[in-house]
Amino acid sequence: MKATAENVLFRHESPALQTIADKVYAGERLTEEDGLLLFEKGNLSFVGALANHVKEKRHGDAVFFNRNFHIEPTNVCVFSCNFCSYSRLYAHREEGWELSVDDMLNIVKKYDGQPVTEVHIVGGVHPKMNLYFFADLLKAIRAHRPDLHIKAFTAVELDYMFRKAKLSVDEGVQVLKEAGLNSIPGGGAEIFDSAIREKICADKVDAEGWLAIHEAIHNAGMHSNATMLYGHIETYQHRIDHMSRLRRLQDKTGGFNTFIPLKFRNGDNDMSSVPEVSVVEDFRLYSIARLFMDNFPHLKAYWPMLGRKNAQLALAFGVDDIDGTIDDTTKIYSMAGAEEQNPAMSTDELVTLIKQVKRKPVERDTLYNVIREY
Ligand code: V47
Ligand code: SF4
């Protein structure tokens with residue numbers, strides 16, 4: 001065999017893994033069996049090198065970020081996901097927070113004159129905050145700041161709002177679109193497998209419902225993201241099944257921008273006895289996701305969850321996006337024990353973080369239009 005860089009790098013791997021490497025270099029889609037084999041047998045350097053190859057082929061040295069801030073309308077929630085450290089049941093709502101439309105508009109006003117491009121709005125599922133409350137919120141933000149991209153509400157929140165309003169998914173989506181919604185975030189997907197869902201988030205929207213809402217969003221001409229909560233009680237097969245369902249919907253609609261793996265954090269929740277997976281397992285997952293999700297343009301490492309140093313490292317394992325400046329406005333991870341207790345980074349800090357690992361920072365808007373290269 002000729003000693004090329006490629007076959008030197010992979011020469012110790014099994015023939016089956018070598019076949020996967022060949023497929024990746026040829027730009028061929030990996031099967032579910034390939035994905036499973038990578039999880040079972042692919043060591044970090046093997047999957048990482050392949051993922052970096054794919055990342056660089058698609059995006060070169062670019063690493064995307066945006067200037068955004070979060071609004072969390074409430075942490076009161078009718079559901080009781082066992083992994084959630086953040087929510088408070090309605091019966092204990094005095095321990096939580098509930099923002100009015102005016103409160104939230106005042107948060108938006110704090111950014112007047114600042115070059116933020118996106119507001120990200122997600123929270124618990126409050127029984128009194130209905131579709132029309134949120135439509136009013138969208139209208140108020142849109143009227144105040146017409147250029148701001150509003151990325152709001154997970155499929156879990158939407159499913160509840162639409163059902164309570166007795167509207168079909170398409171009708172509900174239309175109401176919010178007309179009020180000013182631009183796209184939706186990827187939360188609530190967790191792990192699609194129904195047996196796992198039954199154990200970790202039994203009472204909220206199921207896989208089919210989650211996927212149907214994203215499909216309706218795409219059909220209405222909007223984009224969305226997709227997440228996967230990993231590293232708890234799921235198996236490798238469940239991860240592949242999850243990513244495969246997303247890949248199939250993406251083949252159909254092309255409406256997903258970004259895949260965001262979310263590492264299960266075990267601080268202060270009903271799954272605290274489940275140990276967290278290692279950092280090596282995190283980066284293997286990012287790498288395999290980059291290889292398997294061939295029709296997802298972007299792979300995001302959410303830095304408030306990973307921490308800054310690990311987010312930097314993730315850029316060597318297929319990741320091309322590290323979300324945004326955020327500005328200390330999200331609590332979902334700090335309450336679950338993430339390193340970043342007050343997540344905020346200035347644009348300068350984000351740019352430096354990316355440059356330190358010899359990548360090119362590219363500021364983007366929500367839809368990945370380039371705003372500025374650094
Ligand atoms: O669905 C909750 C996760 C998600 C824990 O689309 C936890 O740009 C780990 O979806 N350990 C909500 N994860 C957040 C989310 C998100 C975040 C950033 C960007 C985007 C985007 C979306 O947070 C939930 C759940 O999967 N989560 N608790 C926990 N203990
Ligand atoms: Fe509610 Fe979301 Fe927490 Fe589940 S993860 S309990 S839906 S806030």
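**Ligand site**

I started with ligand 1 in this predicted model and listed its neighbours: 23 residues surround ligand 1, and the closest are Lys-151, Gly-186, Gly-187, Gly-188 and Glu-190. I then looked up polar contacts of ligand 1. A polar backbone atom of Phe-83 lies 2.8 Å from a nitrogen atom of the ligand. On the backbone of Gly-187, a polar atom is 3.1 Å from a ligand oxygen atom. Lys-300 uses its side chain instead: a polar atom there is 3.0 Å from an oxygen atom of ligand 1.

**Strand 4**

Which way do its side chains point? I checked the pairing next. Strand 4 runs parallel to strand 3 (residues 118-121), with four bridges between them, and His-149 has Glu-118 opposite.

**Nonpolar cores**

I looked up which residues have the most contacts in the largest nonpolar core. This core has 105 residues, and Phe-153, Leu-176, Leu-246 and Phe-259 touch the most other members. For Phe-153 I listed the partners, leaving out residues up to four places away in sequence: Ile-121, Val-122, Phe-134, Leu-138, Leu-158, Met-161, Leu-176, Leu-181, Ile-184 and Pro-185. I found another core apart from the largest one; its six residues include Cys-77, Val-125, Tyr-160 and Val-205. My background note here is that nonpolar side chains tend to be buried together in soluble globular proteins.

Methods: Residues are numbered from 1 along each chain as its sequence is written. Chains are lettered from A and ligands numbered from 1 in the order in which they are written. This is a predicted model: local features need pLDDT of at least 70, side-chain atom pairs count only at pLDDT 80 or more; totals for chains, interfaces and linings use all residues. Side-chain values use heavy atoms; hydrogens and water are left out. A nonpolar core is a set of buried Ala, Val, Leu, Ile, Met, Phe, Trp, Tyr and Cys residues joined through side-chain atoms within 4.5 Å. Buried means under 20% relative accessible area, exposed over 50%, partly exposed in between (1.4 Å probe, protein chains only). Contact means heavy atoms within 4.5 Å. Two strands pair if DSSP finds at least two bridges between them. Helices (H or I, at least four residues) and strands (E, at least two) are DSSP runs, numbered from the N terminus. A residue is near a molecule or strand if one of its heavy atoms lies within 4 Å of it. A polar contact is a pair of N or O atoms within 3.5 Å; within protein, one must be able to donate a hydrogen and the other to accept it, and residues adjacent in sequence count only if both atoms are side-chain atoms.
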